[in-house]
Each structure stands twice: as structure tokens, then as C-alpha cells.
Amino acid sequence: MEAIQAQSRALGTGNTVKALRRNGWVPAIVYGSDMGNQTIQVLGKDLDAALRHQATNKPFRLSVDGSAHDVMVYELQRHPLMGNILHADFKKINMNEKIHTTVPVLMTGDPELGVATLIRHSVEVSCLPGNIPESFTVDVDGFNIGDVVLVSDLQIPPGVELGLDSTEVLISVLPVKAKSEESIEAQHAAAEVAEQAESTTEQAKKV
């Protein structure tokens, strides 16, 4: 678990916030049911370094004036052009209680024929904070046109529950077409495969 150092911050004017940012600080808030809202500031370089080593959907250890809190990054506000972090919200969590969050779906490899298209870029999960997967990575190397990846095809770690139907399509391999047609075709193909999978599941239940 990555650690982030922070300091308490008194609420001030907009000029004070601008001065903080000029000096390399990021204004932030940490909140929880047992602590209310606490305004803090973190060094931008330290926050950037932590986010490079660990995904935002994983828990962090936030130390504020010597007091440590287990937190999740709830929201990051970035400059629309520069990309630097302007503000951060942290939510205190209990490492022994399940939480709901999203995990990105990533693709590696190249299909033998066609183009692999992500139908869903993330999936919802429920698990203990320490068990949150950083991502679900699917290797589409050697796939062909018409191949699909369903939720049931993912490698789910123990203790992790998915909030999606097992027959939902995550990735579909389509013929190479104009980009404007590709997304429409992906939606149609995903719907057809989902219906077929659901029908097969229902038939299996009746047997």
C-alpha cells in the first residue's frame, strides 16, 4: 500500500489556494463517518509518485500530522490542459469492510483477423479493500472475427464479487470498418451474443 504524507490546512481565500499550488502543494479533503471533513494539503510530487506506483482504485495510507488513515481516492481534479492535479478528495475506509468500486478492463495482443473493441471499459466489484484487483487484463492475441469475451471469461481473484451478469460481453472482435460504423456494430454484436448466452444458460438450467 502506497503512503501519502499530508498536513492540515486552514480554509482560506482563492489567493491562498493559488499560493499553495505555486509552492507545489495540492489542496485536498479527507472525510469519513468517524472524522467528518478535514481540509489538508499534500505535496503534488508525492501524490503523483504514489499514483504512478498504484492505481487510484486501490487503498492508500494517508498520514496527516502523524495520524494514519486508510483511504481511497474518491476524486481527482486535474488541469484540463496541463494535466496536473488541482484538488484531491480522499475517503476514509475500513480495511475489514467490503466496498464497491470499479476495476478497468484492459486488452493486450492483436487479433489474427478483425479489430478487438472494448464494449465495457470497466466492471463493478465488491470486496475487501485489500483484495481490489488493479485491472482485469484480457489477451486477445489470435482472436478472430466474431470472437467475444464475456464476464464469465475473466480470471476473478478469490474474495472478489462482480456486479455484472456472467453473460455480459466485455470485448468483441469485429471486421475492420469505418470508425463511425464500428461502435454501432459492436453494440449490435454484443446484444446478440448476450441474448444467445442467456438462452443457452436458461436451457442448461432446465436440463
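Predicted model: local features only at pLDDT ≥ 70, side-chain atom pairs only at ≥ 80, totals over all residues.
Once neighbours within four places in sequence are set aside, Gln38 still touches Ser8, Ala28, Ile29, Val30 and Val64. Val64, another of the contact partners, sits 26 residues from Gln38 along the chain, and the two C-alpha atoms are 9.7 Å apart.

Gln41 is also found in strand β3. Here the relative accessible area is 10%, and Gln41 is therefore classed as buried, the cut-off for that label being under 20%. Leaving out residues up to four places away in sequence, the contacts of Gln41 are Ala6, Gln7, Arg9, Leu20, Trp25 and Val26.

The largest pocket holds about 220 Å³. Its lining takes in Gly32, Ser33 and Asp34, together with Lys91, Lys92, Ile93 and Asn94, and then Glu97, Lys98 and Ile99. Sorted by class, that lining comprises 5 charged, 3 polar and 2 nonpolar residues. Among the charged residues there are Asp34 and Glu97, as well as Lys91, Lys92 and Lys98.

The second largest pocket has a volume of about 160 Å³. Around this pocket are Thr56 and Asn57, Met72, Val73 and Tyr74, Lys91 and Ile93, and finally Ile99, His100, Thr101 and Thr102. Two strands, β5 (67–78) and β7 (99–108), each give at least two residues to the lining. Strand β7 makes the largest contribution, with 4 residues. In terms of class, the lining of the second largest pocket splits into 5 nonpolar, 5 polar and 1 charged.

Some residues turn up in both linings. Lys91, Ile93 and Ile99 line the largest pocket, and Lys91, Ile93 and Ile99 are also listed for the second largest pocket.

Key. Residues numbered from 1 in each chain as written. Heavy atoms only, no water. Contact = heavy atoms within 4.5 Å. Buried < 20%, exposed > 50% of the residue type's maximum accessible area, 1.4 Å probe, protein only. 1 Å grid on protein atoms, 1.4 Å probe; cavity = no way out; pocket = protein on both sides within 12 Å on 5 of 7 lines; lining within 4 Å. Points joined across faces, edges and corners; volume = space filled by probe spheres on them.
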